[in-house]
Amino acid sequence: MDMFSDMTDALIITVISFLPFKEAARTSVLSRRWHCLWRLTANIEFDERFFVKDNVPVESQRLQRQDFINFVRCWLNEYSSRLVLRRFKLCISKPREFEADVQKCISFAVSRDVGALELDFSDPTWDDNDMENHEPEFDLPMQVYENGTLGLESLTLFACSFNPAWLMNLKLLKHISFGWTAVRMSTLNDLLRNCSFLESLRLKKCWNLEHLSIFERDLALKTLVVDNCNFNHEWFGIEAPNLRFFKYSGSVGIFELIFTRHLEEAELDFGSESEFDESGGDLLQRLLSSLDCARVLRVCSFMLQVVPTGVEPLKMQLPLNVRHLILNTAVHRDEFWGIAFFLKSCPFLETLTLQISPPRIFPDYQPPFKFNPSRFWCGDIDRLYKCVIRTLKVVEVKGFRGTVNENNLLRYLLYYGRAMQELKLYLSNEVDGHGGDRSIYLQRAVFVMGFPRASPNVHVMII
């Protein structure tokens with residue numbers, strides 16, 4: 001007899017409701033008893049991407065989308081549980097073609113006092129880096145505003161328009177996400193003042209924003225994500241005393257950030273920038289100084305190339321508190337000074353993650369100093385950083401290919417890393433332009449295992 005035999009159906013359904021929707025469906029094969037229980041889950045996700053493939057003709061997609069709608073209709077007709085829904089997600093890219101079904105889905109969720117409602121009507125073909133504004137595909141129905149006081153704590157609206165005034169009825173919201181839609185700064189400020197429990201605000205590909213201005217001393221806000229939004233003015237002023245996580249993706253601008261020492265993690269991505277601009281160095285260094293208390297920091301290739309062009313080309317004037325540094329990098333020679341800049345600016349660094357990604361190199365790049373790329377990581381006294389010698393314990397390379405530049409950097413870290421305990425090499429699954437594949441990367445990783453090491457305790461793992 002297994003441990004589930006004595007559990008009631010109600011308890012099993014509660015357990016299943018904590019699983020992702022696809023994982024819940026897989027429990028149907030466990031036994032005859034479980035075959036239908038998963039259909040009573042309180043965590044429902046209707047996603048057309050489970051049905052509609054992006055690599056087939058449009059007519060085939062239309063038929064697949066119809067199969068998806070038929071599945072949704074069947075599910076709703078057979079659903080008999082009266083549990084309060086923990087989460088309801090509907091993702092469909094052509095909602096106006098099935099307006100009655102979409103309305104029925106939303107009514108179904110609202111009538112069961114759903115806690116988290118996610119409506120995503122964006123098209124998978126839309127490009128996150130394209131500045132084109134797409135018209136909303138659907139309007140948020142009235143019943144969502146009218147029933148918002150019954151327990152709705154999380155609301156996600158992608159390519160879905162809403163009435164800003166009516167949205168103020170949703171006073172219990174803790175998490176709000178807007179994407180692919182027009183939203184004004186005044187609306188965001190009204191929400192922040194009106195929803196006193198709001199902990200998370202996420203904006204993705206929004207427009208009609210004059211700038212970003214959040215100055216509320218009593219904010220409960222803990223998470224703020226701004227992802228490739230279209231601002232009329234690149235000015236970002238934020239005072240959020242309880243903020244724990246901050247992510248910004250977009251263009252370089254003027255940042256006026258006032259955080260307390262609560263900030264734990266920051267992520268900065270300026271991949272949308274198309275030109276190398278030395279004037280951005282000062283702006284980026286000023287931004288970093290306002291994030292100095294973050295213990296986890298992720299930065300992009302653009303930042304590695306531009307940040308050393310600021311007034312302090314070698315390191316931040318005041319040290320950063322970073323314990324875990326994540327670099328999205330190709331370990332290209334144009335990124336060397338930026339990598340060195342962060343190593344020198346993070347004297348307490350314990351974990352370094354190199355997320356190997358395609359190079360975003362600018363033809364007009366100018367290094368802050370002349371240098372020999374092949375000798376850059378050869379132990380020059382100016383590049384013996386405190387963190388490497390004293391505090392760095394773990395180095396991770398995700399997407400390892402064993403290029404010359406990767407190996408030179410790893411050789412340097414191993415040779416001087418007296419506190420190092422682990423080197424993790426996650427092999428890339430991609431084929432490079434020179435015939436390299438996973439088997440070749442494995443050979444190169446084995447070669448790295450033979451590099452001299454300052455720490456006798458370092459363990460090299462190939463994954």
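## Pockets and aromatic contacts

The largest pocket in this structure, which is a predicted model, has a volume of about 400 Å³. Its lining comprises 19 residues, of which Ile356, Arg401, Thr403, Glu406 and Asp432 are the closest to the centre, and by class the lining of the largest pocket divides into five nonpolar, nine polar and five charged residues. The second largest pocket has a volume of about 270 Å³. Of the 15 residues that line the second largest pocket, those closest to its centre are Val52, Gln61, Arg65, Asp123 and Pro124, and the class count for this lining is three nonpolar, three polar and nine charged residues.

Turning to the aromatic side chains, a search of the whole structure finds 36 aromatic pairs. Two of these pairs share Trp75 and are set out below.

| Pair | Centre to centre | Angle between planes | Class |
|---|---|---|---|
| Phe71 and Trp75 | 6.2 Å | 45° | tilted |
| Trp75 and Tyr79 | 6.5 Å | 25° | stacked |

Phe71 and Trp75 are four residues apart in helix H3 (residues 58-78), and therefore about one helical turn separates them. Phe71 is partly exposed, with a relative accessible area of 25%, whereas Trp75 counts as buried at 2% relative accessibility, and Tyr79 is also buried, with a relative accessible area of 7%.

Elsewhere, ring pairs link Phe336, Trp337, Phe369, Phe371, Phe376, Trp377, Tyr385, Tyr412, Tyr415 and Tyr416 into a cluster. Charged side chains also meet aromatic rings: the charged end of Lys398 sits over the ring of Tyr426, 5.8 Å from its centre, and Arg411 lies over the face of Phe451, at 4.2 Å from the ring centre.

Notes
Residues are numbered from 1 along each chain as its sequence is written. This is a predicted model: local features need pLDDT of at least 70, side-chain atom pairs count only at pLDDT 80 or more; totals for chains, interfaces and linings use all residues. Side-chain values use heavy atoms; hydrogens and water are left out. On a 1 Å grid over the protein atoms alone, a cavity is a set of points where a 1.4 Å probe fits but cannot get out, and a pocket is an open set with protein on both sides within 12 Å along at least five of seven lines; lining residues have an atom within 4 Å of a point. Grid points are joined across faces, edges and corners, and a volume is the space filled by probe spheres set on the points. Ala, Val, Leu, Ile, Met, Phe, Trp, Tyr, Cys and Pro count as nonpolar, Asp, Glu, Lys and Arg as charged, and the others, Gly among them, as polar. Rings of Phe, Tyr and Trp (its six-membered ring) pair if their centres lie within 6.5 Å; planes under 30 degrees apart count as stacked, over 60 as edge-to-face and the rest as tilted. Helices (H or I, at least four residues) and strands (E, at least two) are DSSP runs, numbered from the N terminus. Buried means under 20% relative accessible area, exposed over 50%, partly exposed in between (1.4 Å probe, protein chains only). A charge sits over a ring if NZ of Lys or CZ of Arg is within 6 Å of the ring centre and within 35 degrees of the ring normal.
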